[in-house]
Amino acid sequence: MACIILTVILALIAINLEKPVMKYVTLREEYIPENVTLVLITVDPLFRRGLEDWGISTPGNGSKPIYLNGSWLTYSKDEAGGFAYSSILQGCKPYFWGCGNHAFTPIPASSKFYLTVSFMKETVNVYRRGGFAGALVDLWFENFKGDALVIDLYLTRDIKDEGDVIRSAGRGFVYAFASRNRFGKTYHFNIVLTEAENNEVVHIDRLSLEPIIEMAFKTFKLNRSDWWLVSVDAGAEAHYSEIYVYLYCLEVGMVAGG
């Protein structure tokens, strides 16, 4: 099946740690021929073995994901202004935040990564403006010096607009910020890749993540050669909202020789 490359057109700026940046960027799709050789990083992409390879992660008071014999159901609800997150996980997150049942060897961040994913979401409600409901895949990088970078690939991100209508935040929406912790700094780069209607099955096949990862590292002026991919997780996130996300396929890998 064909691959998709996102070519990003924007002027990159450095992030002030105290001032998050919100903006829209233009994403243009391009397709790569099927004969490109890819190498798996995560395993069991069709969820045939359940918890044999996939661990579960529920930071932020998310509900525990449910294995449905070939798919996963993740559910999150937040009414108090926190961040409820329910996800499945492989690799080991930074800061001892948990490992999946398949803990892959860290991969150099300079590799050319791709994503294949199939999902369906149902946003039950976004309770107030400023809230959001998201289906997402997280890529966790660390430099083994106390710092971490998480790239949140929002498969969909629903908000409530000024007319109190629930709608997608729109493709290309970026929210980037950095925070400090007792180990070092955590850099957060959020970007919306697609828009999805409730109960619509969406499949993304072998999406090249190179332009997005490059944008994230340049935004924070980080040297990719100093960083490693250590974990991948995916699921449902709620902030003043309630959402169900069904995951049918999840695969992250890299281009052979890239």
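Predicted model: local features only at pLDDT ≥ 70, side-chain atom pairs only at ≥ 80, totals over all residues.
Colleague: What makes the set with Leu139, Phe141, Ile151, Leu153, Phe189 and Ile191 a nonpolar core?

Modeller: A nonpolar core is a set of buried Ala, Val, Leu, Ile, Met, Phe, Trp, Tyr and Cys residues joined through side-chain atoms within 4.5 Å. The largest one here has 56 residues, and the six you name have the most contacts inside it. Strand β18 (residues 241-255) gives the most to this core, with 6 residues; strands (E, at least two residues) and helices (H or I, at least four) are DSSP runs, numbered from the N terminus. In soluble globular proteins, nonpolar side chains tend to be buried together.

Colleague: Which residues is Phe189 in contact with, leaving aside neighbours within four places in sequence?

Modeller: Among them are Val150, Ile151, Val174, Tyr175, Ile212, Met215 and Phe220. Contact means heavy atoms within 4.5 Å.

Colleague: Why is Cys249 called buried, but Cys92 partly exposed?

Modeller: Buried means under 20% relative accessible area, exposed over 50%, and partly exposed in between (1.4 Å probe, protein chains only). Cys249 has 7%, so it counts as buried. Cys92 has 26%, so it counts as partly exposed, and Cys99 is partly exposed too, because it has 44%. Over the chain, buried residues make up 55% of the 258.

Colleague: How do you know that Cys92 and Cys99 form a disulfide?

Modeller: A disulfide is a pair of cysteine sulfur atoms within 2.5 Å. For Cys92 and Cys99 the S to S distance is 2.0 Å, so the pair qualifies. The structure holds 1 disulfide.

Colleague: Why is the disulfide of Cys92 and Cys99 called right-handed?

Modeller: Because the torsion about its S-S bond is about 115°.

Colleague: Where is confidence lowest in the chain, and where highest?

Modeller: pLDDT is the predictor's confidence in each residue, from 0 to 100. Strand β1 (residues 3-9) is lowest, at a mean of 43, and strand β9 (residues 107-108) is highest, at 98. Over residues 1-17 the pLDDT is below 50, though this stretch has 68 contacts in the model beyond near neighbours in sequence. The chain's mean is 89, with 90% of its residues at 70 or more.

Methods: Residues numbered from 1 in each chain as written. Heavy atoms only, no water.
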